[in-house]
Amino acid sequence: MDILSPQNPRAKEWAQLLEKKHRDKQQKYMIEGIHLVQEALRFGADLECIAFDVERGVPAELASMMDKNSRAEWIGVSAAVIAKCTDTKTPQPVFAVVRKHSADISGLLQKKNSLVIVLDGVQDPGNVGTIIRSADAAGADGVIIGRGSADIYNPKTIRSTMGSIFHLPVAEGDLLSLLPQAKESGVRIVSTSLQATSTCYGYDFTGPSWLLVGNEAKGVSPEAQKLVDDALIIPMKGQAESLNVAMASTVMLFEAMRQRDRKFGQHPI
């Protein structure tokens, strides 16, 4: 049945997902736009429903995917409902409600020779989303989001991932518990520091490496810093004092990818 009124109880429930407390309570989140819905369908996300502009119909790019997730309900909605349920100035003609599922952190701890990026208090949703996207692009095994970081399911975070949220494990966890467990399994905890003497280009990333990045203003917390094995600097020629945390993460991830591909003979760069 189509839902045309923003006052419809289900539309109100969807709109609540714009707020973290309701995402936590319902254990669901919202994705918006054709590309994100495509990726969610393609990679088997647990979709509750897909809502599309009833006047425009199911977007052509999604029409052939309607049987991809037989559990998902396809619902025609009005433009007014779409506007109520999204936080963008120019809403997309489709959105979907996704059930949350926690990634398996134990799998990352047990994975041999893992490459994981760990976020300690990264507060900007755009930075968190971009780091997830870069981790995906570099072939990392997963992303762990520590306390004090932006919500993974914030609409801005989700948009910034450009669908990478569905491509690799992204989990939330207590870093002061997880990092020691990783170290016990042979992982090296690596972080950046402007005071470091070793560069990221001289470091050996071919072993199990977890890259720890911190808050935009304060960096890695003192408690997490005590668990760092190796501090590295990203050399710079210009006058910039430092790199944005998402850009620094990307540099480190792609250097790790370059070294690993060369060592293991996969698409050498």
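The largest nonpolar core of this predicted model holds 53 residues, and Ile31, Leu47, Ile50, Ile117, Leu119, Val143 and Phe205 have the most contacts inside it. Helix 11 (residues 245–264) contributes seven residues, the most to this core. Another core lies apart from it, with 19 residues, including Val116, Ala171, Leu175 and Leu212. A nonpolar core here is a set of buried Ala, Val, Leu, Ile, Met, Phe, Trp, Tyr and Cys residues joined through side-chain atoms within 4.5 Å, where buried means under 20% relative accessible area with a 1.4 Å probe, protein chains only. Helices (H or I, at least four residues) and strands (E, at least two) are DSSP runs numbered from the N terminus.

| Largest | About 500 Å³ | eleven nonpolar, ten polar, two charged |

Among the 23 residues lining the largest pocket, Thr192, Leu194, Gly219, Ser242 and Leu243 are the closest to its centre. Strand 8 (188–192), strand 10 (209–214), strand 11 (230–233) and helix 11 each supply at least two residues of that lining. For the second largest pocket, 18 residues form the lining, and Tyr29, Ala45, His101, Ile165 and Phe166 lie nearest the centre.

A pocket is an open set of points on a 1 Å grid over the protein atoms alone, where a 1.4 Å probe fits, with protein on both sides within 12 Å along at least five of seven lines; lining residues have an atom within 4 Å of a point. Volume is the space filled by probe spheres set on the points, which are joined across faces, edges and corners. Pro also counts as nonpolar in the lining classes, Asp, Glu, Lys and Arg count as charged, and Gly is among the polar residues.

Residues are numbered from 1 along each chain as its sequence is written, and side-chain values use heavy atoms, with hydrogens and water left out. In this predicted model, local features need pLDDT of at least 70 and side-chain atom pairs count only at pLDDT 80 or more, while totals for chains, interfaces and linings use all residues.

Technical notes:
Buried means under 20% relative accessible area, exposed over 50%, partly exposed in between (1.4 Å probe, protein chains only).
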